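User: I would like to go through this structure and ask, for each label put on it, what the label rests on. Please set the values against the cut-offs as we go.

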Amino acid sequence: MREEALPEEEVMRILEEMRSKDLSYGRFFSTMCTLPHPIAVRAHQMFLETNLGDPGLFPGVAEIEARTVRMLGELLGCPDAVGYISTGGTESNIQAIRAARNEAGIKDANIVVPASAHFSFDKIGDLLCLEVRKAELDESLRVDLESVRRLVDERTVALVGIAGTTEFGQVDPIGDLAALALQRKIHLHVDAAFGGFVLPFLDGEWAWDFRVKGVSSITIDPHKMGLATIPAGGLLFRGQDCMSALETETYYLTKARQASLTGTRSGAAAAATYAVMMHLGQKGFRETVGYCMELTRHLVTGAKQIGIEPFVEPVMNVVTLKVPDPAGVREELMRRDWHVSMTREPHRALRLILMRHMTHENVDLFLRDLGDICTKSG
Ligand code: 0PR
């Protein structure tokens, strides 16, 4: 650190210079985050210095968090669900599995997750010292139930199903997993970090949330399709017992027990989540999801017209495209300032997320470049 003070304007000039190096959302197909809704930004700023780690000092924002959890519970088919606003999907997944393990009280435990699970589950294995068993996928890239069944044993403390996989946007057969979990009396955690704010607003009936008996906990991220500010994650449990398995005594704080992973935690993202949910309502989210799905169809139709097929038919606003040399095509796209990602082997494809910041015009420009690149390389 410098010895001498630097004038505020000088510091701000440095920050602005660095900020200008950050890329802007308009050409991002690779991210599951998006520009926060303006009301989320206002709410975030208003609650900047609040600390949900010591809720007795900030009862206002603590009530906002409780109301937000209730709205999320209603959305997920269980108004009395308990939980909290975390920093994101990783923390929510860690905590759900930690709760399951603590509740089961088994040493040398294991969990069974789909091979398509987000890498946060590898961190979980390391952190919680449990074995992460990966079940195979079927041809539609949903978890194969027989494979899950084969991996479960008397040390399995949780099954995981994904409602909106990171790479393909697929929804695992949650009803079947729930039946197995009930039969074996084990925890079923549903990772809907991405899909949680998509599936409730899609046409058609999807059985994946607390309405499915046997689902014990759900991850749902406001900072992805919930249009809130980063870092806003959601973790919900069907009942208090499971959440209580996370509690430690706090000794000297305004609340005697704490279930969250982090101690000091900002109330700003909880306020932002509350603000967006209240302001948009289900109608607003249906419109947002509708828009993202329209972009998805536009992209898939356009890709087919230039001879490029999707790897799987998209369920939500995650598109994967079969191109001859995905790494090469991606590199060329990046050179043209398009930010796309790739799925991993053995299902290598270009991967694009159609978020609210994307426009039809940019999808068209992207398709033109993609067609151009594929013609040249083919
Ligand atoms: N579960 C699922 C199903 C996810 O897709 C993700 C993140 C997580 C859990 C973890 O959530 P957090 O990152 O909030 O802890 N999926 C994206 C990914 O890793 C996140 C992301 C967002 C990646 C923005 C890139 C990016 O620019 O691909």
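Analyst: A place to begin is Pro231, which lies in the loop between E6 and strand E7 (233-237), in what is a predicted model.

User: What kind of peptide bond joins Ile230 and Pro231?

Analyst: The bond joining Ile230 and Pro231 is cis, with an omega of about 5°. Another cis bond runs from Glu345 to Pro346, where omega is near 5°, and Pro346 belongs to the loop between E11 and E12.

User: Where is Leu227 found, and why is Leu227 called buried?

Analyst: Leu227 is in the loop between E6 and E7, and its phi is positive, about 60°, although Leu227 is not a glycine. Buried requires a relative accessible area under 20%; Leu227 has 1%, so the residue counts as buried.

User: What makes Leu141 buried?

Analyst: The relative accessible area of Leu141 is 3%, and Leu141 is therefore buried, given that the limit is under 20%. Leu141 also has a positive phi, about 65°, without being a glycine, and its place is the loop between strand E3 (131-135) and helix H6 (145-151).

User: Why is the aromatic pair of Phe168 and Phe311 called tilted?

Analyst: Rings pair if their centres lie within 6.5 Å, and planes under 30 degrees apart count as stacked, those over 60 as edge-to-face and the rest as tilted. For Phe168 and Phe311 the centres are 5.6 Å apart and the angle between the planes is 45°, which makes the pair tilted. Phe168 lies in the loop between strand E4 (156-162) and helix H7 (174-184), whereas Phe311 lies in the loop between helix H9 (268-305) and E10, so this pair ties together parts that are 143 residues apart in sequence.

User: How do you know that the pair of Phe197 and Phe285 is tilted?

Analyst: The ring centres of Phe197 and Phe285 are 5.2 Å apart and the planes stand at 35°, so this pair is tilted. Phe197 lies in the loop between strand E5 (187-192) and strand E6 (217-220), and Phe285 in helix H9, so the pair ties together parts that are 88 residues apart in sequence. Both Phe197 and Phe285 are buried.

User: What sits over the ring of Trp338?

Analyst: The charged end of Arg27 sits over that ring, 3.7 Å from the centre of the ring of Trp338, and the cut-off for such a placement is within 6 Å of the ring centre and within 35 degrees of the ring normal. Trp338 is also linked by ring pairs with Phe29 and Phe366 into a cluster.

User: What makes E10 and E11 edge strands?

Analyst: Three strands form an open, antiparallel sheet in the order E10-E12-E11, and strand E10 (318-321) and strand E11 (341-342) are its edges because each pairs on one side only. E11 is joined to strand E12 (residues 350-353) by two bridges, and at least two bridges are needed for strands to pair.

User: How does the radius of gyration of the protein agree with that of a compact globule?

Analyst: A compact globule with 378 residues would have a radius of gyration near 21 Å, and the protein has 22 Å, which agrees.

How values were computed:
Residues are numbered from 1 along each chain as its sequence is written. This is a predicted model: local features need pLDDT of at least 70, side-chain atom pairs count only at pLDDT 80 or more; totals for chains, interfaces and linings use all residues. Side-chain values use heavy atoms; hydrogens and water are left out. Helices (H or I, at least four residues) and strands (E, at least two) are DSSP runs, numbered from the N terminus. Rings of Phe, Tyr and Trp (its six-membered ring) pair if their centres lie within 6.5 Å; planes under 30 degrees apart count as stacked, over 60 as edge-to-face and the rest as tilted. Buried means under 20% relative accessible area, exposed over 50%, partly exposed in between (1.4 Å probe, protein chains only). The radius of gyration is taken over C-alpha atoms; the globule rule is 2.2 Å times the number of residues to the power 0.38.
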